Amino acid sequence: MPTDGTSNFAKRHWLRLCRFCTSLSLLGLFFAGTLFAISLTPSLLPRVYVVQGLLSGIAMATGYGIGVFIQWSWGYLELPVPRGRTKQVLCGLAFGGMLILANVFLWRASIWQNSIRELMGMEPVATAYPVRITLIAMLFATLLLTVARSIIWCSRQVDRRVRRFVPRRVSYAITTIIVSYLIIVIVNGVLAKTALKAADNAFLRIDRVIDEEIPQPESPLASGSSDSLIPWETIGRWGKEFIVAEPNQEQLSEFSGTQAMEPLRVYVGLRSAETPEERATLALEELKRVGGFERSVLVVATPTGTGWLDPGAVHSLEYIHRGDTAIVSMQYSYLPSWMTILVDPDRSRRTATALFDQVYEYWRTLPADQRPRLYLHGLSLGALGSETCADLFTLFQDPIQGALWSGPPFPSKKWSTVSTDRNPNSPIWLPTFRDGSMVRFTGQTNALNGDERQWGPMRFVYIQYASDPMTFFSPDLLFHRPAWLQGERGPDVSPYLDWYPIVTFLQVAGDLPMATSVPQGHGHNIAPENYIDGWIAVTEPKGWSASDTQRLKALMTKDRDR
């Protein structure tokens, strides 16, 4: 039998729960249920039930806040409200309709998810786990509501003290300013910085632990070797992977059927020097040491947030040019791109500019007929930094030969300008720009072959997929239908996907951390065959044939599937 103490404890908590439930806004609950249902509709990427539950919880909390605000505004304006029997009938109809909508959408959820999975070549799911999604959503929404109510309680305490000295309406304004300022300081100044520092340190420790498994290269041409200017232990995991990865000279020779060269890869880690300028100077000296300016093709590459360079981009270039290449890159962060882009996107711009300035200034002192062709490359956040490192005056003064950028993120200004000013008969997910002589786009299917338009002296190619949230997320999704849902939609975008105010913004924002969780050739995972098409168009290799392209695509697909 329970003791009186246990019984009283349970009774107190039951009464608190009852008070909490009765204090909820009916209009808020209606909007919470409605946004919960809409959040189950498809987005750009498929979602597992945990992610869907968290997203739906955010939608529920947002919907509840909207309902509470509408109810408060209605009362503040002293507008008439239904009462008695009319109120009961309206509430019954509204909640009945909302519950039917939620159940129908839960039933449809697996169909919607499979509509994306089928387009991406993924196995279909038998169920979307509606019960689990609902439980996770309700728990997370309750947590968010509790936090919001705590903030409101604090506001009331501040308002009560301020009202002793000023009129009520003035007190509301002062309280709002004080509480808003404190929230901004706590969230941005304390929580965000603490979380960012903790994440940075965590990824740094992971980087140091994992990279110990990679042996130091013996070749004097390799960065980090005993002959190198860059200490091996300062390079970092992804830089080391980039340096020691295949193909080597022997494999390149075997593929081409002729004597190939050992490809040059220069990489400076975040720990190799204190500032971006010092790291750029070190990269330049290392590039000169290994003979990078004596190769036919020189690429200044900006990595992703973690310092990763996509092997599909690197290796395809080296195969195409039989190793007669040099690639130089610098690390600027340990954090994933989606995290870095939200807290400090300028990291990639500063680093890319510092490295390009050093390499370009030396490159332009060399005789034009003896120096390598100079290109830019960047993936994701690296594309954002890479596309801004060479200004217009630089390009006019002594032009580089072009660039290959993949998965450009939504803050990319040059990408945004070109996409917005695209030719009116082209979709934003595969635009054409003016006469195509300088900038072209491609995706899953090669849109660069068979184009009768003539290239100009510089060639810039963007690789992007219609299902990439990193590219097509935008704050405008809150209240505006996106251009990528107008007219013809991309080949891997669900036919059931539609735009809903607020909800679509939350859905695509929730897709950002999952952007690389889908198969290659979709989302933010660039397939090697698209890099091959891009590099061929940008660099125009001599003696390269269509059969070579097919052989290389088959080889890199085989290596990827191993």
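Me: Leaving aside neighbours within four places in sequence, which residues is Arg-117 in contact with?
Reply: Arg-117 is in contact with Pro-46, Met-122, Glu-123, Pro-124 and Val-125. Contact means heavy atoms within 4.5 Å.

Me: What sort of model is this, and how are residues numbered?
Reply: This is a predicted model, in which local features need pLDDT of at least 70 and side-chain atom pairs count only at pLDDT 80 or more, while totals for chains, interfaces and linings use all residues. Residues are numbered from 1 along each chain as its sequence is written, and side-chain values use heavy atoms, with hydrogens and water left out.

Me: Back to Arg-117. Where is it, and is it buried or exposed?
Reply: Arg-117 is in helix α4, residues 84–119, and it is buried. Buried means under 20% relative accessible area, exposed over 50%, and partly exposed in between, with a 1.4 Å probe and protein chains only. Helices (H or I, at least four residues) and strands (E, at least two) are DSSP runs, numbered from the N terminus.

Me: What about Asp-533 and Lys-553?
Reply: Their side chains meet in a salt bridge of 2.9 Å, N to O. Asp-533 lies in helix α18 and Lys-553 in helix α19, so the pair ties together parts that are 20 residues apart in sequence. Both Asp-533 and Lys-553 are buried.

Me: New topic. How many aromatic pairs does the structure hold?
Reply: It holds 18. In one of them, the rings of Tyr-49 and Tyr-129 have centres 5.1 Å apart and planes at 50°, so the pair is tilted. Rings of Phe, Tyr and Trp (its six-membered ring) pair if their centres lie within 6.5 Å; planes under 30 degrees apart count as stacked, over 60 as edge-to-face and the rest as tilted.

Me: Where do Tyr-49 and Tyr-129 lie?
Reply: Tyr-49 is in helix α3 and Tyr-129 in the loop between α4 and α5 (130–162), so the pair ties together parts that are 80 residues apart in sequence. Tyr-49 is partly exposed at 27% relative accessible area, and Tyr-129 is partly exposed at 35%.

Me: And is the pair of Phe-356 and Tyr-360 stacked or tilted?
Reply: The planes are at 20° and the ring centres 5.1 Å apart, so the pair is stacked. Phe-356 and Tyr-360 lie in helix α12 (residues 346–363), four residues apart, about one turn of the helix. Both are buried.

Me: How many helices and strands does the chain have?
Reply: The protein chain has 19 helices and seven strands. Of its 562 residues, 48% count as buried.

Definitions and conventions: Lys and Arg count as positive and Asp and Glu as negative; His and the chain ends are not counted. A salt bridge is a side-chain nitrogen of Lys or Arg within 4 Å of a carboxyl oxygen of Asp or Glu.
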